[in-house]
Amino acid sequence: MTTRTDWNNYRWQLIHDLPQDPALHMALDEILTDDVGTGKRPPLLRIWEWASSTVIIGRFQSLKNEVDPEGAARHNISVVRRISGGGAMFLEPGNGITYSICAPDALVHGMSFQESYALMDSWVVETLKTLGIDAWYQPLNDITSSKGKIGGAAQARRSKAVLHHTMLAYDINADKMLEVLRIGKEKLSDKGTTSAKKRVDPLRSQTGLEREAIINCMIEQFKKLAPLEEVSLDADTLHRAEQLADQKFRTPDWTTLVP
């Protein structure tokens, strides 16, 4: 019978490599999650660096409902679809802190999705609190604060593994975001605001810290949970991810898929 495990039941890997293009990031999430699920590699925390600006839409979203093609073209912003659910994310290099956790599904065994989201982001909430931010987990998939939303998460469960990834806003060009994403007045008013600038309050304005300093604090907080060894992506993994990116994540069939 499967029993729930804890963070410190594993020796974790940390992957924080050079910037990658958006489609390759999507492929790496799939490849690495499957490798963890089959026992090919230990669980890992992967911190992403971006080679270009992009919009990531959720597995079950409609491209035409989420992205304004003219705005995306005007700002040279690509669109990719990930394998997890959740909403669209607008990302520019240096303006976000994005990470994935790939772990055996035993880590969240018996948990509801809400419980697993809270668990997977709990260490980040603790990090933000140490930085002086009044932060908390907001069901189902947000990290928020008294000054505004900070980030959102998404999950997928496959191959006896759980993939959890989160994007935290470090800085934001809200005007550009509104030209690229189809964020309607209704969505904004649901949050009790009239502007996306008020709806999201990024970490740069809340802490005054450099992005890298916040990432370092996050890594140190994770090390309190479990052993963490930094490694680089090996050539074989990168090759498989490049092949998958070409065959799937860079194709119009996948990006424009209507669920």
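Me: Which backbone nitrogen does a side-chain oxygen of Asp 234 reach at the start of helix 10?
Reply: That of Asp 236, to within 3.2 Å. This is a predicted model, in which local features need pLDDT of at least 70, side-chain atom pairs count only at pLDDT 80 or more, and totals for chains, interfaces and linings use all residues. Residues are numbered from 1 along each chain as its sequence is written, and side-chain values use heavy atoms, with hydrogens and water left out.

Me: How far apart are the end C-alpha atoms of helix 10?
Reply: They are 19 Å apart, which agrees with the 21 Å that its 15 residues (235-249) should span at 1.5 Å a residue. The expected span is 1.5 Å times one less than the number of residues. Helices here are DSSP runs of H or I with at least four residues, strands are E runs of at least two, and both are numbered from the N terminus.

Me: Which residues of helix 10 are buried?
Reply: Thr 237, Ala 241, Leu 244, Ala 245, Lys 248 and Phe 249. Down the helix axis they fall within an arc of 110°, so they line one face of helix 10. The arc is that of the directions from the helix axis to the C-beta atoms. Buried means under 20% relative accessible area, exposed over 50%, and partly exposed in between, with a 1.4 Å probe and protein chains only.

Me: And which exposed residues are on the face turned away?
Reply: Ala 235 and Gln 247.

Me: What covers the buried residues of helix 10?
Reply: The cover includes helix 1 (22-37), strand 4 (78-81) and helix 11 (252-255).

Me: Switching to Arg 46. Buried or exposed?
Reply: Arg 46 lies in strand 2 (residues 44-48) and counts as buried, at 2% relative accessibility.

Me: Which side chains does the side chain of Arg 46 make polar contacts with?
Reply: There is a polar contact of 2.9 Å with His 25 and another of 3.2 Å with Asp 29. A polar contact is a pair of N or O atoms within 3.5 Å; within protein, one must be able to donate a hydrogen and the other to accept it, and residues adjacent in sequence count only if both atoms are side-chain atoms.

Me: What else is Arg 46 in contact with?
Reply: Beyond neighbours within four places in sequence, the contacts (heavy atoms within 4.5 Å) of Arg 46 also include Ile 15, Leu 28, Leu 32, Thr 98, Tyr 99 and Ser 100.

Me: Whole chain now: how many helices and strands?
Reply: The chain has 11 helices and 11 strands.

Me: What share of the residues is buried?
Reply: Of the 259 residues, 54% count as buried.
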